[in-house]
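Let's take a friendly walk through a protein model together.

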Amino acid sequence: GAMSGVDTRKFVEKLRSLNKSQMSIQQVASWCNFHRKSARKIVGAWAGEFKKAEPERRIALLYLVNEVLQTSRKRGSEFLKEFGQALPSCVAGVPPGEVREKVERLTSIWEERKVFGSHGGTVIQGLRDALAGKRPSREERKSPKKAPASPRAAKKPPAADNGDVAPPRAEVPRALEEALAAAQGVVGEVDALEERCKPAFSISLTVNGKEEEIARAQGMLQGLQAELVRLEEAQKATVAAAKAFLQAQEAKAADVQERQRRCAAQVGALNKRQEELANPGAAVGAEGADQVISQLAQSGAQGTEVLANALKGLDPDALMKFVAAANNAK
């Protein structure tokens, strides 16, 4: 049911249509972050789905946990606490295979990045014990340690090594992420309300329309209108944030293009110099032809020998210039 702004049935639907693509994972994670005050209900619903999911779906559900943990810790410790408590019992029965390997890999990543904060050792140990088949003692079950987010850990960007565990995160600015989540949060409510308001759109506006029906329809549609205004504002905020993001990306693209141009120019210059060093005669270029002509003029009888040596080092352009000059001399 719905409580604290979260409809768990709607969330379960999202989990059932979740797949391993980066976009799918990020969209559901954004929704979770937006509703983080309902972390307990969200994690409870996630745990229920995980326990009965097929291996392939379990992997997508694990990617989602990773994304939520790594993005939510900058905003609060709600998910760290709830997932820290729920995960060990969820992974306890996972048989050997790909899912278990993913859990082990994620556990190492969370430990290395101190995702559960500086006191996250309890959670990590709980996960390892659960995988090893050890059961926690009653005290540990009753009072799991809180895991505050470490501000230092939050600033650390994700390392490149988790590509094999979860889809790589795109660098989406927080403003855009929050605008998208806010709009998504409103969309579901507005759609449901609009569905309920359908009769109000088809009400008779002729003399047959009853006054109380018209008043009721009017009240419903005024409520819908207010919600649509709210959704429109959320969408405008998303568009503005997306435009700012796009402008920043265009500036980056222009910078990369300029750097690529400089790099290409230098590669061209180096290639040219390499050719010159490999073939010294080519560097002489057309000017070489003038030198050969003057040498021939001075050399008299040895002209043919000088010519043969000179031609070895000449490039085709210089040779053509030489032939033209020789013809003119006749």
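Is the crossing of α10 and α12 left-handed or right-handed? The crossing of these two helices, α10 and α12, is left-handed. Keep in mind as you look around that this is a predicted model.

## The overall picture

Let's begin with the whole chain. The protein chain contains 16 helices and two strands. It has 330 residues, and 33% of them count as buried.

Now think about which parts of the sequence meet. Among contacts in the protein chain with a separation of 6 or more, 77% are between residues 24 or more positions apart.

## Helices α10 and α12

Let's return to the pair from the opening question. Helix α10 covers residues 174-196, and helix α12 covers residues 211-278. They pack with their axes 9 Å apart, at an angle of about 155°. Angles over 145 degrees count as roughly antiparallel, so α10 is roughly antiparallel to α12. Sorted by class, the residues in the contact of α10 with α12 are 18 nonpolar, three polar and five charged.

## Helices α3 and α4

Next, find helix α3 at residues 39-52 and helix α4 at residues 55-72. Their packing angle is about 150°, and their axes are 9 Å apart. Because of that angle, α3 is roughly antiparallel to α4. The crossing in which α3 passes α4 is left-handed.

Which residues in α3 meet α4? They are W46, E49, F50 and K51, and their partners in α4 are R57, R58, L61, L62, L64 and V65. By class, this contact of α3 with α4 has six nonpolar and four charged residues, and no polar ones.

The loop between α3 and α4 is worth a stop too, as it holds E54. This residue, E54, is exposed, with a relative accessible area of 57%. Although E54 and V99 are 45 residues apart in sequence, their C-alpha atoms are 9.8 Å apart in space.

## Helices α2 and α10

Here is another arrangement to look at. The axes of α2 and α10 cross at roughly 80° and come within 9 Å. Angles from 65 to 115 degrees count as roughly perpendicular, and α2 and α10 are therefore roughly perpendicular to each other.

On the α2 side, Q27, S30, W31 and F34 take part. They meet E177, A181, A182, Q184 and G185 in α10. By class, the contact of α2 with α10 has four nonpolar, four polar and one charged residues.

## The nonpolar cores

How many residues are in the largest nonpolar core? There are 47, and the ones that touch the most other members are F11, W46, F83 and W110. At least two residues of this core come from each of α1 (8-16), α2 (22-34), α3, α4, α5 (78-91), α6 (98-112) and α7 (121-132). The helix that gives the most to this core is α4, with nine residues.

Zoom in on F11 for a closer look. Not counting residues up to four places away in sequence, F11 touches V28, W31, C32, I42, A45 and W46. Apart from this core lies another one, of six residues, including V190, L193, C197 and L224.

Is E82 buried or exposed? Found in helix α5, E82 is buried, with a relative accessible area of 10%. Leaving aside neighbours within four places in sequence, E82 is in contact with A39, R40 and V43.

Finally, visit K114, which lies in the loop between α6 and α7. Most residues other than glycine have a negative phi. In contrast, K114 has a positive phi, near 50°, and is not a glycine. With a relative accessible area of 48%, K114 is partly exposed.

Technical notes
Residues are numbered from 1 along each chain as its sequence is written. This is a predicted model: local features need pLDDT of at least 70, side-chain atom pairs count only at pLDDT 80 or more; totals for chains, interfaces and linings use all residues. Side-chain values use heavy atoms; hydrogens and water are left out. Axes are lines fitted to C-alpha atoms, for helices over the stretch in contact, and angles run from 0 to 180 degrees between N-to-C directions. Helices (H or I, at least four residues) and strands (E, at least two) are DSSP runs, numbered from the N terminus. Angles under 35 degrees count as roughly parallel, over 145 as roughly antiparallel, 65 to 115 as roughly perpendicular and the rest as oblique. A crossing is left-handed if the near helix is turned anticlockwise from the far one by less than a right angle, and right-handed if clockwise. Contact means heavy atoms within 4.5 Å. Ala, Val, Leu, Ile, Met, Phe, Trp, Tyr, Cys and Pro count as nonpolar, Asp, Glu, Lys and Arg as charged, and the others, Gly among them, as polar. A nonpolar core is a set of buried Ala, Val, Leu, Ile, Met, Phe, Trp, Tyr and Cys residues joined through side-chain atoms within 4.5 Å. Buried means under 20% relative accessible area, exposed over 50%, partly exposed in between (1.4 Å probe, protein chains only).
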